[in-house]
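Here is a short tour for anyone meeting this structure for the first time. Have a look at the sequence and the 3D view, and then read on.

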Amino acid sequence: MKMERCTKPAFVVIGKEGSTLDGPGFIQKLWADANAHFSEVQPLAKRDEGGNLAGIWGAMSDAGRRFFPWESDGLYLAGLEVDLDAAAPSGWSKWVLPAFRYLTVECTPQTYGPALQQTILHELPDRGLELVAAVQEFYPGDKMLLYVPVQKL
């Protein structure tokens, strides 16, 4: 597993929001809905120097919207990074994620569970770190990175 440390200032994601209370497969349904209506938010997308999307995110928060890790239930936002002043169109939600220092973990959808478990149970303690908020999913190109928050800024 490839891991790196990084700092990310507060950022904004507009996406399709759902809850673990929506039942099994709710995350896949959110992504299907977001992808089917992507044209509604594409003009709002933050872009890098090359004109590419700055970020596609699977953002997570506890049910109280404090960005704590999921316990018995939680929230998920399938969306893209936008500027702070962007307004969410009807049917979309806007989250402002706080600034954190992260340990990023490269994985795939197939290795997600084992990579997350290895990170939480072994890598963080071995490095003297602890999970301080909900893990976020970042999709740069054809990769998947878990953003594991280790310090709130």
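## A walk through the chain

Let's begin with serine 61, which sits in strand β3; strands here are DSSP runs of E with at least two residues, helices are runs of H or I with at least four residues, and both are numbered from the N terminus. This is a predicted model, in which local features need pLDDT of at least 70 and side-chain atom pairs count only at pLDDT 80 or more, while totals for chains, interfaces and linings use all residues. Residues are numbered from 1 along each chain as its sequence is written, and side-chain values use heavy atoms, with hydrogens and water left out.

Is serine 61 buried or exposed? With a relative accessibility of 1%, serine 61 counts as buried. Buried means under 20% relative accessible area, exposed means over 50%, and partly exposed is in between, using a 1.4 Å probe and protein chains only. Leaving out residues up to four places away in sequence, serine 61 touches Arg66, Phe67, Phe68, Trp70, Gly74, Leu75, Trp95 and Ala134, where contact means heavy atoms within 4.5 Å. Methionine 1 is 60 residues from serine 61 along the chain, and their C-alpha atoms are separated by 24 Å.

Follow the chain into the loop between β3 (56-62) and β4, and you come to proline 69. Proline 69 is in contact with Asp62, Leu131, Ala133 and Ala134, once its neighbours within four places in sequence are set aside. Alanine 36 is 33 residues from proline 69 in sequence and 28 Å from it in space, C-alpha to C-alpha.

The loop between β3 and β4 also holds arginine 65, phenylalanine 67 and glutamate 71. Two of these residues have a backbone worth a second look. Most residues other than glycine have a negative phi. Arginine 65, though not a glycine, has a positive phi of about 60 degrees, and phenylalanine 67, also not a glycine, has a positive phi of about 65 degrees.

| Residue | Relative accessibility | Class |
|---|---|---|
| Arginine 65 | 46% | partly exposed |
| Phenylalanine 67 | 10% | buried |
| Proline 69 | 31% | partly exposed |
| Glutamate 71 | 76% | exposed |

**One loop further on**

Leucine 84 belongs to the loop between β4 and β5 (93-97). Its relative accessibility is 60%, so leucine 84 counts as exposed. What does leucine 84 touch, not counting residues up to four places away in sequence? Its partners are Val12, Lys94 and Val96. Valine 96 is 12 residues away from leucine 84 along the chain, with 7.8 Å separating their C-alpha atoms.

**Inside the fold**

Now for the interior. A nonpolar core is a set of buried Ala, Val, Leu, Ile, Met, Phe, Trp, Tyr and Cys residues joined through side-chain atoms within 4.5 Å. The largest one has 29 residues, and Tyr76, Leu146 and Val148 have the most contacts inside it. Two or more residues of this core come from each of β2 (11-19), α1 (26-36), β4 (74-82), β6 (100-107), α2 (112-126) and β8 (144-152). There is also a second, separate core of 15 residues, with Ala59, Phe67, Leu77 and Phe100 among them.

**Stepping back**

What does the whole chain look like? Its secondary structure comes to two helices and eight strands, and along the sequence they follow the pattern β-β-α-β-β-β-β-α-β-β. The radius of gyration, taken over C-alpha atoms, is 15 Å, close to the 15 Å that the globule rule (2.2 Å times the number of residues to the power 0.38) gives for 153 residues, so the chain is as compact as a globular protein of that length. Its C-alpha atoms fill a box of roughly 45 × 40 × 30 Å along the principal axes.

Of the 153 residues, 42% count as buried. Among contacts with a separation of 6 or more, 72% are between residues 24 or more positions apart.
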